[in-house]
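Please look at the sequence and the structure first.

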Amino acid sequence: MHIGVVGLGLIGGSIAKSAKRNTNFKVYGYDIDPKTITNAISEKSIDAELTEKRIATCDYIFIPLYPEAVIEFVEKKQISLS
């Protein structure tokens, strides 16, 4: 199973860390700050960056952002919510 987490702040980072600690799932993460992604990979909170190619492989995508930012992300990445 593959999980994507958009936004690696307090909530998103906690989701990613918990998934890595308690499952054998692949966990991909995205953040607007590239340094945050690098740190999350080095801390083993995520396996790799959530790229547009990897989005399609995810069984679940968590988007713990402010509501306006969720809409912007979904529209920008052209993700179908159905």
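## Helices and strands

The protein contains four helices and four strands. The model is a predicted one. Followed along the sequence, the elements come in the pattern β-α-β-α-β-α-β-α.

## Size and packing

A compact globule of 82 residues would have a radius of gyration near 12 Å, and the protein agrees with this because its own value is 12 Å. The C-alpha trace spans about 30 × 25 × 20 Å along the principal axes of the protein.

Of the 82 residues, 29% count as buried.

## Surface and charge

The protein has an accessible surface of about 5,700 Å². Carbon and sulfur atoms account for 55% of that surface.

The charged side chains number 10 positive and 10 negative.

Strand β1 covers residues 2-6. Four of its five residues are buried, so strand β1 is largely enclosed by the rest of the structure.

Which way do β1 and strand β2 run relative to each other, parallel or antiparallel? They run parallel, and five bridges join β1 to β2, which covers residues 26-30. Within this pairing, Val6 stands opposite Tyr30 of β2.

Note on methods:
Residues numbered from 1 in each chain as written. Predicted model: local features only at pLDDT ≥ 70, side-chain atom pairs only at ≥ 80, totals over all residues. Heavy atoms only, no water. Helix = DSSP H or I, 4+ residues; strand = E, 2+ residues; numbered from the N terminus. Rg over C-alpha atoms; globule rule 2.2 N^0.38 Å. Buried < 20%, exposed > 50% of the residue type's maximum accessible area, 1.4 Å probe, protein only. Areas by Shrake-Rupley, 256 points an atom, 1.4 Å probe, with all protein chains shown as cover. Lys, Arg positive; Asp, Glu negative; His and termini not counted. Charge placed at Lys NZ, Arg CZ, Asp CG, Glu CD. Pairing = 2+ DSSP bridges.
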